[in-house]
Amino acid sequence: MKILGVLGGLGPMASAYFLQLIVQMSEAAVDQEHIEVILHSMPRIPDRTRYILGQSADNPMPLMAEAGRRLADQGAEVLAIPCVTAHYFQKQLEEEIGIPILNAVRETAACLEEAGVDRVGILATDGTLASSLFQNCLEQHHISCMAPGEQDQESVMHLIYENVKAGKPVEFPLFQAVADRLFAGGAQVILLACTELSLVKRDHVLGPGFLDVLEVLARKAVLCCGHLKKEYENLITQVSGLL
């Protein structure tokens, strides 16, 4: 089995939950059958969204590359970065680090296409939306995208930065209101396309029609480096007419 490197700390709680997901998803009867993981948690990496939006000149790339090289030097053969916005830097990071990095965006697109989804709503950071990471990839799979309106997007950023990243409970009614408007606008599935939002699914019952991108990344890591439990083959919360 390949050794998995996790470039973490972006943010710390999402990284911790990612490790939990890997353990939960692994088909392992004893300790020795679990994936070997090397974690480098570097929370001092500058904010990715602020840099992408031009609100900060503090480039997160050098520290991400440094952390990745340390993981490779310790024996990691493939990397996972439990931060969706960081995927904006993936190509350059792979060139700098020299080992493959799992791509949660492409894996999510493949998951949606396999399930027959053709219209999704995206809950993500301003940086992820501005970079069109999901929009461009999903368009190649003939899947159309919806983003929240301006006020709802402010609510999403509040949930990410003022709730989860601040170590506070998620204001679930606020989350539900944003999601309801996306469903009302025609979204078949809503992507939790920020790893902080994965904590909403962890702590609350969301109902049908959600896909957690952190779960998609964790599943890919398990498939790449270990053995997946059968119950994690389909990650979209149950929707009539979909796989």
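Tutor: Residues are numbered from 1 along each chain as its sequence is written. In this predicted model local features need pLDDT of at least 70, side-chain atom pairs count only at pLDDT 80 or more, totals for chains, interfaces and linings use all residues, and side-chain values use heavy atoms, with hydrogens and water left out.

Student: What makes β1 a strand, and how do you know that β1 and β2 pair?

Tutor: Strands are DSSP runs of E with at least two residues, helices are runs of H or I with at least four, and both are numbered from the N terminus; β1 covers residues 4–8. One of the contacts along the way sets V6 against its bridge partner L39 in β2.

Student: What makes β2 and β3 the edge strands?

Tutor: The open sheet has three strands in the order β2-β1-β3, with parallel pairing, and β2 (37–41) and β3 (78–80) each pair on one side only. On the β3 side, three bridges join β1 to β3, and V6 stands opposite A80 there.

Student: Why is β1 called largely enclosed?

Tutor: Buried means under 20% relative accessible area, exposed means over 50%, and partly exposed lies in between, with a 1.4 Å probe and protein chains only. Five of the five residues of β1 are buried, so β1 is largely enclosed by the rest of the structure. In a regular strand the side chains alternate between the two faces of the sheet. In β1, L4, V6 and G8 are buried on one side, and G5 and L7 are buried on the other.

Student: How do you know that helix α1 packs on this sheet, and at what angle to β1?

Tutor: Contact means heavy atoms within 4.5 Å, and helix α1 (residues 12–25) touches β1, β2 and β3, its direction making about 155° with that of β1. Such angles run from 0 to 180 degrees between N-to-C directions, the axes being lines fitted to C-alpha atoms, for helices over the stretch in contact. Helix α3 (residues 61–73) lies across β1, β2 and β3 and runs at about 155° to β1.

Student: What order do the strands of the four-stranded sheet have?

Tutor: Its order is β5-β4-β6-β7, and the pairing is parallel. The edge strands are β5 (144–146) and β7 (210–212), each of which pairs on one side only. Three bridges join β6 (residues 189–192) to β7, and L191 has L211 as its bridge partner.

Student: What makes one space a pocket and another a cavity?

Tutor: On a 1 Å grid over the protein atoms alone, a cavity is a set of points where a 1.4 Å probe fits but cannot get out, whereas a pocket is an open set with protein on both sides within 12 Å along at least five of seven lines; lining residues have an atom within 4 Å of a point. Grid points are joined across faces, edges and corners, and a volume is the space filled by probe spheres set on the points. The largest pocket holds about 260 Å³, and among its 13 lining residues N103, V105, R106, L133 and C137 are the closest to its centre. Helix α7 gives the most to this lining, with four residues. The structure holds one cavity of 30 Å³ or more, and the largest cavity has a volume of about 90 Å³.

Notes: Pairing = 2+ DSSP bridges.
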